[in-house]
Amino acid sequence: MPIQRLATTPFPDQRPGTSGLRKTVPVFQTACYVENFVQSILDCIEGREGATLVLGGDGRYFNREVVQIVLRMAAANGVGRVVVGRDGLLSTPAASNLIRTRKAIGGIILSASHNPGGPHGDFGIKFNASNGGPAPEPVTEAIFRRASAITEYRTLDTPDLDLGREGETLLEGMRVEIVDPVTAYAAMMERIVDFDRIRAMVAGGFRMRFDALSAITGPYAAEILERRLGMPAGTVVNGTPLPDFGGHHPDPNPVHARELMELMTGPDAPDFGAASDGDGDRNMIVGRGLFVTPSDSLAVLAAHAHVAPGYRGGLAGVARSMPTSRAVDRVAARLGLPCYETPTGWKFFGNLLDAGRITLCGEESAGTGSNHIREKDGLWAVLLWLDIIAALGKPADRIVRDHWREYGRDYYARHDYEGVETEAADRLMTELRAALPGLVGKRFGGLTVREADDFAYSDPVDGSVTPRQGVRVLFAEDARVVFRLSGTGTSGATLRVYLERYEPADGRHDLPTADALAEVAAAADAIAGIRRHTGRDEPSVVT
Ligand code: G16
């Protein structure tokens with residue numbers, strides 16, 4: 001079958017954002033839109049001839065079609081082997097693991113992560129490099145430049161492959177290896193956490209609920225929690241991945257995982273609750289009656305990870321994204337560990353992990369991970385929590401309260417203003433940046449600005465500098481507000497305002513978060529003119 005070289009013209013909007021190219025499904029369905037971007041990725045993979053590529057997605061609407069397009073194009077571009085999940089499915093952490101263990105040259109992951117799916121929902125394509133992590137900025141920029149100048153793409157005129165059965169098949173000289181999406185991932189988890197210890201806890205009556213939000217982690221959670229750890233059937237709910245996530249917004253937070261929150265705060269709450277997102281890299285942790293913020297979760301995991309077999313030797317260091325609360329910094333200081341502050345985006349952890357400088361890292365946006373792969377990993381976080389609960393013999397809510405008693409509490413909330421007019425959001429950020437030099441020393445209610453800057457990151461491994469990663473205003477009263485625009489939305493702009501206040505005193509750890517942060521929220525509005533610029537009286541989502 002001869003290779004087809006088909007003429008095309010560039011689309012101007014194919015610049016990857018925080019995590020790959022994310023657009024609505026109708027945009028991706030535009031003729032040549034997928035092909036242009038995939039060809040641009042393939043063009044930027046040096047040494048792809050004869051190499052192995054990993055391919056899979058979170059099963060959202062359009063996954064099935066795009067998997068077939070990528071297979072044909074990979075074959076026409078000389079790729080030697082594609083390892084693809086059965087039915088084209090792979091969670092993002094499972095894809096990262098396969099890229100590493102199969103020594104692939106990289107992977108193409110089809111997902112818009114926590115964004116809603118369906119014919120009018122979102123879709124996304126992301127390239128991960130040979131370390132298993134999201135391509136770093138120089139690579140995503142090269143892909144964008146290529147996409148901006150593309151004139152043709154290569155493909156085959158072949159029928160769709162049947163991806164429903166595991167095994168190997170040939171597509172015009174390229175081997176297509178169809179693998180079970182769960183097996184290798186589950187085996188990796190058995191090496192990291194103590195399954196026997198968790199099984200014993202389950203045998204003793206420990207009960208949990210895992211809400212897969214009708215997204216990719218259902219089969220992973222069912223295999224690991226119910227089959228391998230012996231939890232009763234029904235522990236995993238919404239466990240069948242659906243193309244539109246059953247109408248769920250697959251973002252594991254107290255707003256979108258409302259049923260889980262209601263259960264965990266009600267009279268019949270099990271011991272532990274957890275959820276994951278569209279592609280399985282995010283996690284939500286809930287104790288009885290207590291939502292654990294991702295920032296606190298990272299701090300607790302850092303404090304106790306050494307109980308798990310995968311971290312017995314201790315941690316090399318930790319990292320958090322800049323808007324993530326400083327709770328983990330306090331643990332690192334106590335343990336004498338290096339602690340790095342990176343921009344938002346998992347790709348920035350890659351160099352630190354590859355260089356062995358950190359073992360654990362995490363973000364406020366419900367992402368936590370470790371050096372086992374190069375993506376955040378939702379189910380891994382849940383399993384590490386389970387192992388810590390089993391090892392300490394304490395429920396999650398007590399672990400967190402004890403943690404606050406020991407380290408103090410970083411009250412934390414994120415206010416999202418979604419669907420803001422792009423010009424208004426840009427104006428807000430521009431005015432804010434211009435106001436920074438004059439802010440120091442100013443008082444807002446009971447808060448005094450101590451420092452204000454636009455975060456720039458110098459990568460300690462390769463020396464690269466990434467400027468303009470979010471405006472931070474630090475107050476002398478150990479409080480902080482951060483402003484940035486989301487890089488994962490698909491319509492208009494989303495303004496994210498991250499609020500934080502440290503409370504060291506014992507006995508002041510049970511305030512409602514909104515009360516503890518009221519003064520910081522008022523200061524944020526006074527500083528940035530949120531109402532004035534957006535016309536909104538309140539955020540669309542508070543998490
Ligand atoms: C992606 C990135 C994360 C980032 C998050 C939010 O997550 O991988 O590193 O924290 O987006 O980004 P933003 O605030 O720019 O919307 P995911 O789970 O969507 O891949």
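# Cavities, pockets and helix packing

Me: By class, 7 nonpolar, 5 polar and 4 charged residues form the lining of the second largest cavity. The model is predicted. Which residues that line the second largest cavity are the closest to its centre?

Reply: The second largest cavity has a volume of about 180 Å³. It is lined by 16 residues, and Asn 253, Pro 294, Glu 364, Ala 366 and Thr 543 are the closest to its centre.

Me: What makes a space in the protein a cavity and not a pocket?

Reply: In a cavity a 1.4 Å probe fits but cannot get out, whereas a pocket is an open set of points. The structure holds 5 cavities of 30 Å³ or more. In the largest cavity there is about 250 Å³ of space.

Me: Into how many nonpolar, polar and charged residues does the lining of the largest cavity divide?

Reply: The lining of the largest cavity has 12 charged, 10 polar and 3 nonpolar residues. Of its 25 lining residues, Thr 18, Arg 282, Ser 365, Lys 376 and Thr 488 lie nearest the centre.

Me: Which strand gives the most to the lining of the second largest pocket?

Reply: Strand E19 gives the most, with 4 residues. At least two residues each also come from strand E14 (290–292), helix H14 (396–407), helix H16 (513–516) and helix H17 (518–528). This pocket has a volume of about 430 Å³. Tyr 412, Ala 413, Pro 512, Thr 513 and Ala 514 lie nearest its centre, among 23 lining residues. By class, the lining has 14 nonpolar, 5 polar and 4 charged residues.

Me: What in H2 meets H3?

Reply: In H2, Val 34, Glu 35, Val 38, Gln 39 and Leu 42 meet Val 66, Ile 69, Val 70, Met 73 and Ala 74 of H3. This contact of H2 with H3 has 8 nonpolar residues, 1 polar and 1 charged.

Me: What makes H10 oblique to H13?

Reply: Helix H10 (residues 294–304) packs against helix H13 (residues 378–392) at an angle of about 55 degrees, with axes 11 Å apart. Roughly parallel means under 35 degrees and roughly perpendicular means 65 to 115, so the angle makes H10 oblique to H13. H10 passes H13 in a left-handed crossing. Ser 297, Val 300, Leu 301 and His 304 of H10 meet Trp 380, Leu 384, Trp 385, Ile 388 and Leu 392 of H13. The residues of this contact divide into 7 nonpolar, 2 polar and no charged.

Me: Is the crossing of H11 and H14 left-handed or right-handed?

Reply: Helix H11 and helix H14 make a left-handed crossing. The axes of helix H11 (residues 327–335) and H14 come within 11 Å and cross at roughly 65 degrees. Arg 330, Val 331 and Arg 334 of H11 meet His 403, Glu 406 and Tyr 407 of H14. Their contact has 3 charged, 2 nonpolar and 1 polar residues.

Conventions
Residues are numbered from 1 along each chain as its sequence is written. This is a predicted model: local features need pLDDT of at least 70, side-chain atom pairs count only at pLDDT 80 or more; totals for chains, interfaces and linings use all residues. Side-chain values use heavy atoms; hydrogens and water are left out. Contact means heavy atoms within 4.5 Å. Ala, Val, Leu, Ile, Met, Phe, Trp, Tyr, Cys and Pro count as nonpolar, Asp, Glu, Lys and Arg as charged, and the others, Gly among them, as polar. On a 1 Å grid over the protein atoms alone, a cavity is a set of points where a 1.4 Å probe fits but cannot get out, and a pocket is an open set with protein on both sides within 12 Å along at least five of seven lines; lining residues have an atom within 4 Å of a point. Grid points are joined across faces, edges and corners, and a volume is the space filled by probe spheres set on the points. Axes are lines fitted to C-alpha atoms, for helices over the stretch in contact, and angles run from 0 to 180 degrees between N-to-C directions. Angles under 35 degrees count as roughly parallel, over 145 as roughly antiparallel, 65 to 115 as roughly perpendicular and the rest as oblique. A crossing is left-handed if the near helix is turned anticlockwise from the far one by less than a right angle, and right-handed if clockwise.
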